[in-house]
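Colleague: Before we discuss the open spaces in this protein, could you put the model on the screen?

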Amino acid sequence: MDDVLYDVDVCEDESEVGSMPECQMDLTEVDVYTRLEHKERDLIIAAELGKSLLEKNEFLLQENERISVDYRDRCEILEQQKHELRQRFEFKTSEWEARVAQLSSDLRRTQEQLEDHKAMWGAAEREKSRAVDEMTQQNQKLLSQLQKSSEAERQLSIQVQQLRREFIQRSSTASVKIVELESLKEEV
């Protein structure tokens, strides 16, 4: 009814209101009711939109939680793999060091034996040459093993770097998604 009064107030002259025909006043009331119905429909649509946005927000929150759990799980797996790689690397390193120590010990022992043979048999030049050849071959094997170990160490280092890059990339992707979710949350 207030709108009707407002519509009536819009008239230029108050005397016109009194002179307005009854049907025009009824039309104004009909207009008011029509407007009220439109506003009620707008309110219902706005409520439905609000409900839809709340549901979407809940879905996004659940999706964010799922992504966070997935991210944590993947980080745990990467940490386990990193730990396993570190253990394998340490095992290989200690194995290699033990082998080098053993071969060094063998080399020293062989050199001592060579010196003993040289002192005992001065004329055993061929035996000496053969022992030197054996030592050269063992040294080459040691060098070859050292090169392989160095290559393995380099490969492991590359793998660790790749894992770090993947971790950083996934972290930044997750951060971007979190920022997007926060911006969507703010929009909601």
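**Pockets and confidence**

Modeller: Helix 3 and helix 4 each supply at least two residues of the lining of the second largest pocket, where helices (H or I, at least four residues) and strands (E, at least two) are DSSP runs numbered from the N terminus. This is a predicted model, in which local features need pLDDT of at least 70 and side-chain atom pairs count only at pLDDT 80 or more, while totals for chains, interfaces and linings use all residues. Residues are numbered from 1 along each chain as its sequence is written, and side-chain values use heavy atoms, with hydrogens and water left out.

Colleague: Which helix gives the largest share of the lining of the second largest pocket?

Modeller: A pocket here is an open set of points on a 1 Å grid over the protein atoms alone, where a 1.4 Å probe fits, with protein on both sides within 12 Å along at least five of seven lines, and lining residues have an atom within 4 Å of a point. The lining of the second largest pocket includes R66, D70, F167 and K177. Its largest share, seven residues, comes from helix 3.

Colleague: What volume does the largest pocket have?

Modeller: Grid points are joined across faces, edges and corners, and a volume is the space filled by probe spheres set on the points. The second largest pocket holds about 210 Å³ of space. For the largest pocket, the volume is about 400 Å³.

Colleague: How many charged residues are in the lining of the largest pocket?

Modeller: The largest pocket is lined by 15 residues, with K92, T93, W96, S149 and A152 lying nearest its centre, and helix 4 gives the largest share of that lining, eight residues. Ala, Val, Leu, Ile, Met, Phe, Trp, Tyr, Cys and Pro count as nonpolar, Asp, Glu, Lys and Arg as charged, and the others, Gly among them, as polar. On that division the lining of the largest pocket has five nonpolar residues and four polar ones, and the charged residues number six.

Colleague: In which helix of the protein is confidence lowest?

Modeller: The protein has four helices and zero strands, and its mean pLDDT (the predictor's confidence in each residue, from 0 to 100) is 83, with 85% of its residues reaching 70 or more. Over residues 1–24, however, pLDDT stays under 50. Confidence is highest in helix 3, at a mean of 89, whereas the lowest mean, 39, belongs to residues 2–9, which form helix 1.

Definitions and conventions:
Contact means heavy atoms within 4.5 Å.
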